[in-house]
Amino acid sequence: MYEMNEKEAIILERFTNLLKEAPQMLERQKDLDKFAEEVSKILYSLLIEIIVYSIEKLDDKIKESEDVKENWKNIKRDYRTILMPHAVVVYKRRYYQHKQTGEYAYLVDKFLGIDSYQRLSQHYEEKIKSLFRIHKSFAGVLKELAKASSSTEISAQTIRNKVFKDKKKEEKKQN
């Protein structure tokens, strides 16, 4: 039988509390749209907790693997911030040094395909590229992202860098 740890119990309790309190929330709101918005915010907050928890559990599992124990030295733990649509995800991960080659790496990031200086989730990067194809301007993309999210922390320069980085990749492939 599976035993829940403390973090899992807290997440489950928050979800259970939401289910219990939802009818009273709706009664207080007397407005289905406001109720849905309130529930969505709570669920999205839980989703982020689950994402962070899952990444950190994966990091723990990587640390315990035989390959990592034999070949990598755990140097420190750092925080990583990834911007996602409607959210900012901040998680803790371990930094390693390879015992033979001296290479440094955040193995959980490597496993998840997150580049060294990547600040945006893959989905968010794709959304930016598709918005740029439609709006043809960085300001237009920013305006569209701001409409969709209150937590957008992206500058026009970040959008520009992403769009031109991808253009340079495509040009290299063609040459």
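Here is a walk through the salt bridges of this predicted model. Local features need pLDDT of at least 70 and side-chain atom pairs count only at pLDDT 80 or more, while totals for chains, interfaces and linings use all residues. Residues are numbered from 1 along each chain as its sequence is written, and side-chain values use heavy atoms, with hydrogens and water left out.

Side chains of opposite charge can pair when their charged atoms come close. A search of the whole structure turns up 11 salt bridges, each one a side-chain nitrogen of Lys or Arg within 4 Å of a carboxyl oxygen of Asp or Glu.

Let's start with Arg 94 and Asp 59, whose side chains meet at 2.8 Å, N to O. This pair ties together distant parts of the chain, 35 residues apart: Arg 94 sits in strand S2 (residues 87-98) and Asp 59 in helix H2 (residues 32-64). Helices (H or I, at least four residues) and strands (E, at least two) are DSSP runs, numbered from the N terminus. Buried or exposed, what is Arg 94? Arg 94 counts as buried at 8% relative accessibility, and Asp 59 is buried too, at 0%. The cut-offs are under 20% relative accessible area for buried, over 50% for exposed, and partly exposed in between (1.4 Å probe, protein chains only).

Next comes Arg 93, also in strand S2, which forms a salt bridge with Asp 109 at 2.1 Å, N to O. Asp 109 is buried at 2%, and Arg 93 is buried at 5%.

Now for Lys 76, which is partly exposed at 41%. Its partner is Asp 78, with the closest N and O atoms 3.7 Å apart. Finally, Lys 7, Arg 14 and Glu 49 are joined in a network of salt bridges.
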